[in-house]
Each structure stands twice: as C-alpha cells, then as structure tokens.
Amino acid sequence: MKILALRRPDACANCGAALEVGTQASWEAATRSVRCLPCATSLAISEVADGPSAGAEHRVGHAPAAPAFAPPASQRPQVAGGSAQREHDRRSKKRHEDIRRRHPRLGGLLLALTDDPVSTRVWAQGAHGERAVAASLTGLLGEHLVALHDRKSVREDGRPSRGNIDHLLIAAAGVWVVDAKTHRGTLEVRRSGGLFTPRVERLYIGGRDKTSLLDGLARQVDSVKRVLHAADAVLPVRGALCFVGTELPWFGESIRGVPLVGRRGLNKLLRQPGDLTAEDRESVAQYLEQRFITA
C-alpha cells in the first residue's frame, strides 16, 4: 500500500468519497485507483485476518468485506462545501448544455463571452467559504475538536431535510453549529429600542439587511438539540456565523447571543475549556454522524 498526496481531485474506489487535491490517500498501481486512508486501512486489516484470498477477491471486483473497525469521525473522509459545489456544477452544466442546444453554431463563442449568472456563482462562492473554514480548523482536530462537515439537517420527524449544516463541531465546551458565509462588505449590528420600546437587533452586511441568516442558523441548532435530546444527552449546543471575506468589527460582535466571527475568532471559540474529554467528543461525533448524514 503506497501512501501519497493527491495531485488532482479523485474519489475513493471503495466508499466513493470525494478526495481533494493534497489529500493523503493510498495508491493501487494494479488497478490505478486510490482509496481514502480509512478504507485502505480497513482493507489491509481484513487481508491480514482473512488471508490473501480476501484481498484477491476485492481486487477482481467482488463486494468488499465489511470494515474491520469504525475509524474515528475525525479521520473519516469529508469534503466541506461538497453539496454547494455540486449544485454549482449542476447549474453551470445545464446552462452550457442549453446554450449549445439553442445555438449549435455559436454556442461556444457565447459561453466564452459570458459568465454564469450570479445565482449560479454564489454556490461556488459558498463552497469556497466552507472549504476555507474547514481548512482553518485543521490545527484543532484531535486535541481540541472533532469536525463533521456538510451534513443534512434533520426534520422534526427524524428524516433528513433539504437544508444542510456547513460545520458540526464537537469541542470541549459542547457542540457548535457553524454556518459559513461569504458576503462582501462591512458587517454591522444595528440596535434600536430601549427603556420604553422593545429592543430590536438587526444584522446588516454591505448595507443590506441579512438578519434572516440568524433564522436559518436557529433552525439548524434546533435540529441538533432535538437529536441529542432524543438520546438524553445533556450538552450545550450553540450556533455561530463564520464569515469569509467580510469586513468584521475590530473588537468582535454578536447578535441575539450568536457570535459573528471570522476564522480566527471561530478557533478561539472552539478552544474554550469544557467538560467533554477527547473520548466524550468522539462518542458524540459518532452519534451525530449517524443521524446527520453527508449532504
């Protein structure tokens, strides 16, 4: 089994997980295929346990044996922003196909002269933001954190919803639900009301009202709380908005109890002390991973 860093995007030949450039993976020269490290390790263990025949059957295309162990969630292959990137690619491909169908002679020229609409590009921008946030957490993994990226949210009836959770992070102080955002402009919280009128807080970015971002995050947090409550797990569950490319206040900001942070600020939140040991965090992550499936 040869371990190398991928020079191009690929997918695990065993579980199908997408593998980004730079990901450590195993290379099998005989089949010219790659496997993520958890699958490669599981295969190696099963070959030792079952003898050469088990490995030979796998190589000629038979169904692989069940993994010999369940790797920790922090070691399982994940692709932050994967669902957003797939949605961008789907929309872009459809536009290209439509233009070439309607303009068979000039389709290529029209595509060269025009960009995808904003409604398509925002999906790629969102995927970039999610990947950037995930990359910033690398130094915390294991010692401080277990991270689950790009997970489908869960409805009240327990079934996966159409919405997704960008980052589900289990730290010593509890569970953080983090929504990555890539809005351009200056962030500000505008407050009104006071002694004799209700206090109102609204979130603005680049002069535009983005308070609705809080509603989406609140639904995600409620989803995680319901799932943990069903298992009688008494854990703090909090939400945060993490911004990439947004101008944030120098001294930090929050709204309705939700921290508004950049990547450094998020790392600081996740380093807060708490009662969850590394073993506790892994147990919580395995439970959540089973219920919040990959988007």
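Which helices and strands each supply at least two residues of the lining of the largest pocket? In this predicted model, they are helix 3 (82-102), helix 5 (118-136), strand 6 (145-154), strand 7 (160-171), strand 8 (174-181) and helix 6 (212-230). Helices (H or I, at least four residues) and strands (E, at least two) are DSSP runs, numbered from the N terminus. Residues are numbered from 1 along each chain as its sequence is written, and side-chain values use heavy atoms, without hydrogens or water. As the model is predicted, local features need pLDDT of at least 70 and side-chain atom pairs count only at pLDDT 80 or more, while totals for chains, interfaces and linings use all residues.

The protein comprises eight helices and 15 strands. Of its 295 residues, 40% are buried. Buried means under 20% relative accessible area, exposed over 50%, and partly exposed in between (1.4 Å probe, protein chains only). Contacts (heavy atoms within 4.5 Å) were also counted along the chain. Among those between residues at least 6 apart in sequence, 58% join residues at least 24 apart.

The largest pocket holds about 960 Å³ of space. It is lined by 30 residues, and Trp-123, Asn-164, Asp-166, Asp-179 and Lys-181 are the closest to its centre. A pocket is found on a 1 Å grid over the protein atoms alone, as an open set of points where a 1.4 Å probe fits, with protein on both sides within 12 Å along at least five of seven lines. Lining residues have an atom within 4 Å of a point. Grid points are joined across faces, edges and corners, and the volume is the space filled by probe spheres set on the points. Helix 6 gives the largest share of the lining, nine residues. By type, the lining has eight nonpolar, 12 polar and 10 charged residues. Here Ala, Val, Leu, Ile, Met, Phe, Trp, Tyr, Cys and Pro count as nonpolar, Asp, Glu, Lys and Arg as charged, and the others, Gly among them, as polar.

Gln-220 lies in helix 6. Gln-220 counts as buried because its relative accessibility is 9%. Beyond its neighbours within four places in sequence, Gln-220 contacts Asn-164, Ile-165, Val-177 and Asp-179. Ala-180 belongs to strand 8. Ala-180 is also buried, at 9% relative accessibility. Residues up to four places away aside, Ala-180 touches Gly-129, Glu-130, Val-133, Asp-166, His-167 and Cys-242. Leu-241 is 61 residues from Ala-180 in sequence, yet their C-alpha atoms are 6.1 Å apart.

Arg-291 is part of helix 8 (residues 278-291). With a relative accessible area of 34%, Arg-291 is partly exposed. Arg-291 contacts Val-154 and Val-227, leaving aside neighbours within four places in sequence. Its C-alpha atom is 8.9 Å from that of Lys-152, 139 residues apart along the chain.

Most residues other than glycine have a negative phi. Asp-232, not a glycine, has a positive phi of about 60°. Asp-232 sits in the loop between helix 6 and strand 12 (237-243), and is exposed at 68% relative accessible area. Arg-256 likewise has a positive phi, about 55°, and is not a glycine. Arg-256 lies in the loop between strand 14 (253-255) and strand 15 (258-261). At 48% relative accessibility, Arg-256 is partly exposed.

Arg-190 lies over the face of Tyr-204, 3.8 Å from the ring centre. A charge sits over a ring if NZ of Lys or CZ of Arg is within 6 Å of the ring centre and within 35 degrees of the ring normal.
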